[in-house]
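Subject: Structure handover

Hello,

Here is the structure I said I would pass on. My notes on its strands and sheets follow below it.

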Amino acid sequence: MISRKLKIFDFVTLAICTSFVAVSFIALQKNKAVNGRNLLIINAESGGKKDTYIYPLKENGLYKIQGTLGISLIQIEGEKAFFVDSPCPNKTCISSAKISQEGQWAACLPNRVFIKIEKEGKKTFDGIAE
């Protein structure tokens, strides 16, 4: 059996690695606390008028949203949002995946209803013009 003694460089390397892991963990926890809760943002267009609705993803509910073709039903259940029904001809929106994470989205393009998940308090831009 070979016996090796730890040298000063070994202790320095271990201290740096441990510090890096600790700082990373603290930064991740702080980032979670700052970002807030997930919100469901619904944008709809009907008769030339654009509406925006905001609902917390933690609260279950069924929402009737007026679009260009008629009413789309959007449900929040178990912190996931999805289309239940829509007057569009293909019903593609109904078969789309449930959304639950920031940045995910779904849409009923013929009815002009768009849903997405955003973090509360996060500032985002729909577009930038010069």
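Strand pairing and sheets

N43 stands opposite F114, a residue of β7. That pair belongs to the contact between β1 (residues 38-46) and β7 (residues 113-119), which pair in the antiparallel sense over 7 bridges. Two strands count as paired if DSSP finds at least two bridges between them. Strands (E, at least two residues) and helices (H or I, at least four) are DSSP runs, numbered from the N terminus.

A word on the basis: this is a predicted model, in which local features need pLDDT of at least 70 and side-chain atom pairs count only at pLDDT 80 or more, while totals for chains, interfaces and linings use all residues. Residues are numbered from 1 along each chain as its sequence is written, and side-chain values use heavy atoms, with hydrogens and water left out.

Four-stranded sheet

β1 and β7 are part of an open sheet of 4 strands, in the order β2-β1-β7-β6, with antiparallel pairing. The edges are β2 (49-56) and β6; each has a single partner strand, so one side of each is left without a neighbour in the sheet. On average, neighbouring strands here are turned by 20° against each other, direction ignored. For such angles, axes are lines fitted to C-alpha atoms (for helices over the stretch in contact), and angles run from 0 to 180 degrees between N-to-C directions.

Three-stranded sheet

The order β3-β4-β5 describes an open sheet of 3 strands, and its pairing is antiparallel. Here β3 (61-66) and β5 are the edge strands, and because each has a single partner strand, one side of each lacks a neighbour in the sheet.

Within it, β4 (residues 71-77) and β5 (residues 80-85) run antiparallel and are joined by 5 bridges. L73 has D85 in β5 as its bridge partner, and E77 stands opposite K80 in β5. β4 and β5 form a hairpin with 2 residues between them, and G78 in the turn has a positive phi of about 60°.

S96 lies in the loop between α2 (92-95) and β6 (105-108). Its relative accessible area is 29%, so S96 is partly exposed (buried is under 20%, exposed over 50%, partly exposed in between, with a 1.4 Å probe and protein chains only). S96 and A106 are 10 residues apart in sequence, and their C-alpha atoms are 6.9 Å apart in space.

Regards
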